[in-house]
Amino acid sequence: MLYVVMAYLWASILLYVLMGGADFGAGILEFLSTRKSKDQTRRVMYRAIGPIWEANHMWLIIAIVILFVGFPVIYATVSVYLHIPLTIMLLGIVARGTAFSFRNYDAVQDKMQVVYSKTFMYSSVITPLFLGIIAGSAVSGKIDPEATHFLDAYIFSWLGFFPVSVGVFTATICGFLAAIFIIGETKTETERQRFIQKAKHMSLAAIAAAALVLIAAYQEQIPLAHWLFGNPISIACVVLAALSLTWMWVSLFRGSTRWLRIIAGAQITLLLVAITYEHYPVLINLKNTGGLSLLLHKGSDKTIHALAVALLVGSIFILPALFYLLYSFNKQEEPAH
C-alpha cells in the first residue's frame, strides 16, 4: 500500500505541473504580451483554461494531504523551514483565483478591472516562481534542521542561486505549456500563428533557464548532473525528452499542431522521471544530516493502508467527474437545423 500512496503523490505532482502549469502560464503569456495584444491573448486564454482552472488545484491539495497524513515528518520539515515561500505561493494562488473571478464576473466594469488584471498577471508569475523555489530548496540540501539563527533556518534555506534558478525554470515551463495548450483553442489562423510564435519563444526561454539551473547546480555542488545522467533510466528519459523537443520544433515550423499537447506532456513527464528516479526514495535533502526518505519517514502501516484505500476509492469518484468536466467544456455545439 505504501507504493500506491507514493504513486499517487508522484502523479498528483506531475498533474499539478501539467495542468496547474498551463493555468499559470496563461497569465504569464498575458503578462508578456504587448499592450495591443493583451485583450486578444486574454480572450483566447479564457477559452483555453476554462476546463481546468477550477479543478487544477485539486492535485496540489491531494499532494499536501498525502504528505500531511502519510509522511508527517516530511510535511512538518517543509512547512516549517520553507514556510515563507510556501506562504507567498499560497497567497499567489488565492490572489490569482480571486482576480480572475472578479475580472470576469464583476457586475461593475470600472477602474478596478485594471487592478484585477495586474493582480492576475503578477500572481501568475510569482506563484510558479515560488513553487519552483520550494522544489529547488527541497533537493538542494540547504534546509538545516540544526540552524540556530533565523536567517540560516528560514531564509537561506530557500534564497539561493539554485532554488531561484529552478523557480525561473518552472515559470518558463508554465509559459511554454500554456502556449502549447492554447494553440489548439485558437479559432483563426492569425491567432494560431501568434501562439505558435509564443510557444517557440517560451521553449527557448525554458532551454535557457534549464542551462541556468545546471550552472547553479555546478556552482553550489548539487549533484544534478548525476541525477540526470547517473543511471540508464534517467539517461533514456533525457534522450527521449531531447528527441521529443526536436519533434516539437519540427511540428511548430511546419505548422502541424496535432500532437503538440501530447509531446509537451511527455517532455515534462520524462524530465520528472529522470530527476526523481535517481533521487528516490529521498524526497528532501537536508544540510549535513542526510535526507528524508519516503520509505523511512512514513506514517504507521495502518495510516498508510487507510490512506491508500481512500485514494483508490476517491479516484472512482474524482476521475470520471474530471473527465466529464473536460468533455463538457470541449464539446462542440451541434449545428442548428
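Helices H6 and H8 are oblique to each other, a class for angles that are neither under 35 degrees (roughly parallel), nor over 145 (roughly antiparallel), nor 65 to 115 (roughly perpendicular). The model is predicted, with local features requiring pLDDT of at least 70 and side-chain atom pairs pLDDT 80 or more, while totals for chains, interfaces and linings use all residues. Residues are numbered from 1 along each chain as its sequence is written, and side-chain values use heavy atoms, without hydrogens and water. Helices (H or I, at least four residues) and strands (E, at least two) are DSSP runs numbered from the N terminus.

**Packing of H6 and H8**

- H6 packs against H8 (residues 161-183) at an angle of about 135°, and the axes are 7 Å apart; axes are lines fitted to C-alpha atoms, for helices over the stretch in contact, and angles run from 0 to 180 degrees between N-to-C directions.
- The crossing of these two helices, H6 and H8, is right-handed, meaning that the near helix is turned clockwise from the far one by less than a right angle.
- On the H6 side the contact (heavy atoms within 4.5 Å) includes Pro128, Leu129, Gly132 and Ile133, and on the H8 side the residues include Phe162, Pro163, Val164 and Cys174.
- The residues of the contact of H6 with H8 comprise 11 nonpolar, six polar and no charged, where Ala, Val, Leu, Ile, Met, Phe, Trp, Tyr, Cys and Pro are nonpolar, Asp, Glu, Lys and Arg charged, and the others, Gly among them, polar.

**Helix spans**

- H6 (residues 112-140) has 29 residues and reaches 41 Å from its first C-alpha to its last, close to the expected 42 Å; the expected span is 1.5 Å times one less than the number of residues.
- Glycine 141, with a positive phi near 75°, follows H6.
- H5 (residues 83-105) has 23 residues and reaches 33 Å, close to the 33 Å expected.

**Burial**

- The buried residues of H5 (under 20% relative accessible area; exposed is over 50%, partly exposed in between, with a 1.4 Å probe and protein chains only) include Met89, Ile93, Arg96 and Arg103.
- Arginine 192 is in helix H9 and counts as buried at 18% relative accessibility.
- Beyond its neighbours within four places in sequence, arginine 192 is in contact with Ile183, Thr186, Gly255, Ser256 and Thr257.

**Backbone in loops**

- Glutamine 221 is not a glycine, yet its phi is positive, about 55°.
- Glutamine 221 lies in the loop between H9 (189-219) and H10 (224-229), and counts as exposed at 74% relative accessibility.
- Tyrosine 280 and proline 281 are joined by a cis peptide bond with omega about 5°.
- Proline 281 lies in the loop between helix H12 (260-279) and strand E1 (282-285).
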